[in-house]
Structure formats: structure tokens, C-alpha cells
Amino acid sequence: MHTHYSDGDLSPSDVVQLAHRAGLSLVAITDHDHTGGIEEARKAGVQVGVEVVSGVELSTTLDGREIHILGLLFDHTHRGLTEYLEYLRSERLKRAERIVERLNRLQVPLTMEEVLAQAGTAAVGRPHIATVLVNRGFVGSYQQAFARYLRNGGPAWEGKHGITPLETARLISSAGGVSFVAHPGDTLDEPILDRLITEGVDGIEVVHPSHSPERVTRFKTLAQTRRLPRCGGSDFHGGGRNDSGAVGKYFVSLHDVETIRSYRSNSRG
Ligand code: AMP
Ligand code: ZN
């Protein structure tokens, strides 16, 4: 689940409250390039009896293709990881500046100050820029901000720099966690998924709002056959905008969580 430490609309506490009301007993906070929401979510979780585990979602590149990798159950205070996340966030800042420059050249006079005010403590990204474009009346809707300017390959788009899925998996592993190919259903064909697994990403995100029931079954079978840990969830961003995942509707079992835990202890030796 995402919080306002990345492109979610809600605070970590609010997200945990929602999870509690939806009857979930465990959630992972998985902000983009940020682990800042985990502590607050944990404290909120203790209050209501929801276990909160560490998570993060990282954007990686393989042969020019963007692939999201999820890290779960790592030590979120691990020095190497936190330093790397800080680096990624500073790269995001520079990228946002380049996007704003592009927009200015396209006669859209928004400022970096407005974008930063919108992002607050979050890892700054296109969703914040899109929101400013809407609020300032430069576009009619959030979707239009992407369609007209920010979509991949669009006139104001800037790519992110390319850490590979494998480097990311190693980083997560060095912090004691388990890595997963995030929501592979909408973007990845099976040979690439296979390659990612063979090269060292630990598991697959099986359950996701973008996965049809057939895909879920296929990924479950794949995980089972290859003895890979599996995860899943709502990819919740707060309920508005680009949110298709209702809290409590998309989940895996606590048994799956145990499998991830034992996979982690085994791979640590
Ligand atoms: P960034 O990490 O800055 O590249 O922003 C990626 C986020 O932008 C995604 O997680 C989506 O929430 C959003 N996004 C990307 N492409 C689109 C699109 N075509 N329409 C709406 N939202 C999008
Ligand atoms: Zn993602």
C-alpha cells in the first residue's frame, strides 16, 4: 500500500486504519523509493492490531523497459538501502526539474516550488506534477495531464535512470529482504518474467488489481512449480485517481507471508 511518502493520498496511519476496517491482519507499506512511512504505520498498527511489514517499490530498467520490483520484509534502517533510496530521491528531484523545464518550454508556466509544495515529504514524481497541472487549470483532468504531457514518451516526459532488476534484488537481499517482480501481468511476457527469476529476483507478485483471475492462477502455478515466494495486494494509493484496488479485496494468505519469511531465513543460511 502507498502513502503520502510517495504517490498515495493518505498518511501511513490512515492507510492502516483502512486496512483494519477492511479486516486485514497484516499489510506492507510499499512506497516508491521511500521507507519513511513504515515507522508511523507500525505504530498505528500496534494500536489497532494490524501487523505492518516493511516494503518498498523500486523502478528498474531492463533493455529499455520499465520493471517495478517490490522489496518486502527487509531491515528498513539498513544503511546501504537507506543511502540508495536517498540517492534515488535526489535523482527524482533532478528529473522533476527537467520535466518542469520541458513544460515551461511548452508554454506551461508551472514552477518547481509548486511541485515541491505538492509533493511535501514524498519522493517527487509525475503524479505530483499532474496534480499541479490540474490545480492550476493547465489541464482539465489528471488523466489529461498524462495524455497531453507526462505519459511515457510524451512531450514533457523524462525517463528515470536505469538500475537493473537484478541490482535492485541484490540491494533488497543485502538488507535482509525478499524481492518480487511487481504486477507482472499488465506489462511482462513470460520469457522476461522467467529471465528475471532466473537472474535472481526472488518471487512474483501474484495478486494485483490489474491481474485477471486467469493470470492470478497462472502466476500462482508458476510460483508453485518453481518454488518461488509469492505476494500480492491492492497497490492502494488512497482511493482516488488511478486507484483500481479496493482495500481488503486483493490479498494473499498469512501462509504466503510465512513462506516469504522462511525463504528469507533459508537464503540467509
Ligand atoms: P513516476 O514514478 O514519476 O514515473 O510516476 C509513475 C506514476 O505515474 C505511476 O505509478 C502512475 O501512478 C502514474 N502514471 C504513469 N503513467 C500514467 C498514465 N498514462 N495515466 C495516469 N497515471 C499514470
Ligand atoms: Zn508499480
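Modeller: We shall discuss the sheet, the metal site and the aromatic residues of this predicted model.

Colleague: In what order do the six strands of the open sheet run, and what is the pairing?

Modeller: The order is E1-E2-E3-E4-E5-E6, with mixed pairing in an open sheet. At the edges stand strand E1 (26-29) and strand E6 (230-232), each of which pairs on one side only. On average, neighbouring strands of this sheet are turned by 40° against each other, direction ignored.

Colleague: How many bridges join strand E2 to strand E3?

Modeller: Eight bridges link strand E2 (residues 51-62) with strand E3 (residues 65-72), and the two run antiparallel.

Colleague: Which strands does helix H2 lie across?

Modeller: Helix H2, residues 38-48, lies across E1 and E2, and runs at about 150° to E2.

Colleague: Let us turn to the metal. Which residues coordinate the zinc ion (ligand 2)?

Modeller: A metal site is read from its donor atoms. Here Glu57 (OE), His68 (ND1) and His183 (NE2) coordinate the zinc ion (ligand 2) at 1.8 to 2.2 Å. The spacing of these donor residues in sequence is E-x10-H-x114-H. Glu57 belongs to strand E2, whereas His183 lies in the loop between strand E4 (178-181) and helix H8 (190-199), so the pair ties together parts that are 126 residues apart in sequence.

Colleague: Are Glu57 and His183 buried or exposed?

Modeller: Buried means under 20% relative accessible area. Glu57 is buried because its relative accessible area is 3%, and His183 also counts as buried, at 11%.

Colleague: How is a pair of aromatic rings described?

Modeller: One gives the distance of the centres and the angle of the planes. The structure holds two aromatic pairs. In one of them, the ring centres of Tyr84 and Tyr87 are 5.6 Å apart and the planes stand at 45°, so the pair is tilted; planes under 30 degrees apart would count as stacked, and over 60 as edge-to-face.

Colleague: Where in the fold do Tyr84 and Tyr87 lie?

Modeller: Both are in helix H3 (residues 79-105), three residues apart, which is about one turn of the helix. Tyr84 counts as buried at 18% relative accessibility, whereas Tyr87, with a relative accessible area of 36%, is partly exposed.

Colleague: What sits over the ring of Phe219?

Modeller: The charged end of Arg218 does, 5.9 Å from the centre of the Phe219 ring.

Terms used
Residues numbered from 1 in each chain as written. Chains lettered and ligands numbered in written order. Predicted model: local features only at pLDDT ≥ 70, side-chain atom pairs only at ≥ 80, totals over all residues. Heavy atoms only, no water. Phe/Tyr/Trp six-rings, centres within 6.5 Å; stacked < 30°, edge-to-face > 60°. Helix = DSSP H or I, 4+ residues; strand = E, 2+ residues; numbered from the N terminus. Buried < 20%, exposed > 50% of the residue type's maximum accessible area, 1.4 Å probe, protein only. Lys NZ or Arg CZ within 6 Å of the ring centre and 35° of its normal. Pairing = 2+ DSSP bridges. Axes fitted to C-alpha atoms, helices over the stretch in contact; angles between N-to-C directions. Contact = heavy atoms within 4.5 Å. Donors = N, O, S within 2.8 Å, 3.2 Å for Na, K, Ca; no water.
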